Amino acid sequence: MVSLPRSPATSLLRFLFLGLTTLASPSRAQVELHVPAGLTKLRAVEGAEVVLPAWYTLRGEVSSTKPKPWEVPTVIWFLLEGTNMNMSQVLAHISGVTSSKPGASLVYPMPSRNVSLRLQGLQEKDSGPYLCSVNLQDSQGTVRGHSSKTLELNVLVPPAPPSCRLRGVPHVGTNVTLSCQSPRSKPAAQYQWVRSPPSSQVFFAPVLDAIHGSLNLKNLSTSMSGVYICKAHNEVGSAQCNVTLKVSTGPEATVVAGAVVGTMVGLGLLVGLVLLYQRRGKALEEPANDIKEDAIAPRTLPWPKGSDTISKNGTLSSVTSARALRPPQGPPRPGALSPTPSLSSQVLPSPRLPRTDGAHPQPISPSPGGVSSSALSRMGAVPVMVPAQSQAGSLV
């Protein structure tokens, strides 16, 4: 049993259709609906347009002629959808008024005995059986007959542009697979792989799977490098894609991956060493900067009176007290000269006028402590000869 949508307009059409069919008994049926022989199944391409041909005649007429003045036809086209064959109205011409879905129209304006349906902008969902129903009345409203015919429409879809992929690592001696698949095609697409010039080549089974679109290349060599083109096709169209195969002689991909991983590991180790060095430096600085409040300052070592002094010319004499360095040695050998300390290590007396009473000058005493010349030489002292002074006060 055929079910109709439950909208008010559709229910009215269903009632009218069933009522007219019931009233038009076989004895009174005078309408015959025709379709071209061999055109009950039509095919069209998505996006194009198609005409579903149909016309009616009165019984006993040899050919279709113009409608008579008294003829009042009621024409309805339905699309039977789904497994339950639900009736979806496509076009209706009732009482001289035509209503239709977008893209649907009658080929000839009414009144006309040619009730062919034109469909434009086809989509795949427009596929299915179409039912044409014609009810004929006269001007007084008397039903003169009813007839219906069914045509089947199949909307074909050309293959959508496929996607080409390379699976595997193209090294010499390895195997790879070139895959090609179109996301949409009706009927299902067939696939063909070719190699583009200058090394043209056409592939067949068993390396080619024409149904699933895969091409298996085994034991690769450098001469197999090139551009491979996949063509997806069916009876209403075709589309293609390509993939470039470059066969390498070494594991370049593995080397590159290893280099990247090695670089990342090296950077990680470097960052870790820097952080470890900074942390260790901070750990060494913290005890040095930690000053205790009860710390005692170191004692200053006393310097003897005969310690180093700065000479007038800015140099430092290295004469130190013999008592602070080592115990005195034995008396100097006879004939050895005892070095005299430099002028910078002596305390000069305040200037006085030379004496004229004939007194002899006092001899200069040696360095305190009786340090020998050899000890002074080892300590870096420079012997200085002090000239004698005459009675008149001049230097001799």
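Reply: **An open sheet and a buried loop residue**

L208 stands opposite L215 in strand 17. This is a predicted model, in which local features need pLDDT of at least 70 and side-chain atom pairs count only at pLDDT 80 or more, while totals for chains, interfaces and linings use all residues. Residues are numbered from 1 along each chain as its sequence is written, and side-chain values use heavy atoms, with hydrogens and water left out.

Strand 16 and strand 17, the latter covering residues 214-217, are joined in the antiparallel sense over two bridges (strands pair if DSSP finds at least two bridges between them; strands are DSSP runs of E with at least two residues, helices runs of H or I with at least four, both numbered from the N terminus). They belong to an open, antiparallel sheet of four strands, ordered 12-13-17-16. Strand 12 (163-167) and strand 16 (208-209) are its edges, and each has a single partner strand, so one side of each is left without a neighbour in the sheet.

Turning to V247, this residue sits in the loop between strand 19 (237-245) and helix 2 (252-289). V247 counts as buried because its relative accessibility is 7% (buried is under 20%, exposed over 50%, partly exposed in between, with a 1.4 Å probe and protein chains only). Apart from neighbours within four places in sequence, V247 is in contact with P170, H171, V172, L220, S221, T222, M224 and S225, where contact means heavy atoms within 4.5 Å. For one of these, H171, the C-alpha to C-alpha distance from V247 is 5.3 Å, although 76 residues separate the two in sequence.
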